[in-house]
Amino acid sequence: MRFRRAYYDLFSHVYDRVIALHSGDASARLRDLLIGRTGIKAGGRLLDLCTGTGAVAVRAQTAVEPGGLVVGVDFSAGMIRQACVKAHQTGVADVAFVVGDAARLPFANASFDAVSCSHAMYELSPEVRDRALQEASRVLRPGGRFVMMEHCEPSRPFVRFLYRVRLSVLGSSENRDFARDEVPFLSRYFADVRRELSPKGRSKLIFGNKREGAETAG
């Protein structure tokens with residue numbers, strides 16, 4: 001865990017450029033698509049898991065104004081520092097960033113109307129991912145939605161090579177199965193799970209709703 005934190009603290013300095021290379025999303029349209037699929041409205045509360053440098057969280061703040069709240073959580077203090085810098089540079093003041101564990105969220109049951117996660121679920125071990133998805137369900141209010149975004153396998157040879165290296169580094173066959181088809185995994189925790197490709201086909205959205213009567217005990 002200490003090594004992973006150190007790695008992501010260092011990676012935080014180039015994280016945005018790597019994500020842009022994979023997704024081809026220089027104008028943030030994919031972030032808007034992700035935020036839109038959460039269904040978040042003015043006055044709502046959105047939690048961005050594994051927020052990284054806060055790109056989604058900062059962008060989402062305008063969707064919940066006035067009176068709403070966006071919280072970004074990441075276990076890397078380096079990522080959170082970059083997120084705070086980004087919020088300050090873009091003039092966004094009403095977004096909170098928290099250093100915390102996605103598998104053990106420091107929030108009460110049913111605290112958020114939506115939970116998002118962008119380009120991070122593949123990085124988690126199967127055990128941590130399962131707990132993180134359980135936690136996402138726990139903190140969602142009844143009828144709330146979980147939305148995650150990930151890369152499709154790239155068509156450009158060099159970027160595809162980087163993508164496959166990433167999957168190889170993940171190691172676990174369950175992680176590779178998850179990368180190929182996330183729907184069965186998310187269906188363990190959410191209802192009406194669907195998968196949608198981005199307009200350019202480089203990224204995919206997978207989303208589902210909190211199950212009616214789902215357990216919320218921590």
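Helices are DSSP runs of H or I with at least four residues, numbered from the N terminus. The legends below refer to a predicted model.

View 1. Within α3 itself, the buried residues are L30, L33, L34, I35 and T38. An α-helix has 3.6 residues a turn, so residues three or four places apart point the same way.

**View 2. The crossing of helices α3 and α4.** Two packed helices are described by the angle between their axes and the distance between the axes. The axes of α3, residues 29-38, and α4, residues 55-64, come within 10 Å and cross at roughly 60°. The two helices are therefore oblique to each other, and their crossing is right-handed. On the α3 side, R31, D32, L34 and I35 form the contact, meeting A55, V56, R59, A60 and A63 of α4. Sorted by class, this contact holds six nonpolar, no polar and three charged residues.

**View 3. The largest nonpolar core.** This core has 30 residues, of which L47, L49, M121, F146, M148, L186 and F190 touch the most other members. At least two core residues are supplied by each of the strands β1 (45-49), β2 (69-74), β4 (112-118), β5 (140-151) and β6 (190-197), and likewise by each of the helices α6 (126-139), α8 (173-180) and α9 (183-186). The largest share, four residues, comes from α6.

View 4. When residues up to four places away in sequence are not counted, F146 touches L49, V115, C117, M121, L133, A136, L140, L186, F190, I206, F207 and G208. A second, separate core comprises 23 residues, including I35, A83, V92 and M149.

**View 5. R211 in the segment after β7.** R211 is located in the segment that follows β7 (203-210). Its relative accessibility is 35%, and R211 therefore counts as partly exposed, the class between buried, under 20%, and exposed, over 50%. Apart from neighbours within four places in sequence, R211 is in contact with S187, R188, Y189, F190 and A191. The C-alpha atoms of R211 and L140 are 9.9 Å apart in space, while the two residues are 71 residues apart in sequence.

Definitions and conventions:
Residues numbered from 1 in each chain as written. Predicted model: local features only at pLDDT ≥ 70, side-chain atom pairs only at ≥ 80, totals over all residues. Heavy atoms only, no water. Axes fitted to C-alpha atoms, helices over the stretch in contact; angles between N-to-C directions. Parallel < 35°, antiparallel > 145°, perpendicular 65-115°, else oblique. Left-handed = near helix turned anticlockwise from the far one by under 90°. Contact = heavy atoms within 4.5 Å. Nonpolar A, V, L, I, M, F, W, Y, C, P; charged D, E, K, R; others polar. Core = buried A, V, L, I, M, F, W, Y, C linked by side-chain atoms within 4.5 Å. Buried < 20%, exposed > 50% of the residue type's maximum accessible area, 1.4 Å probe, protein only.
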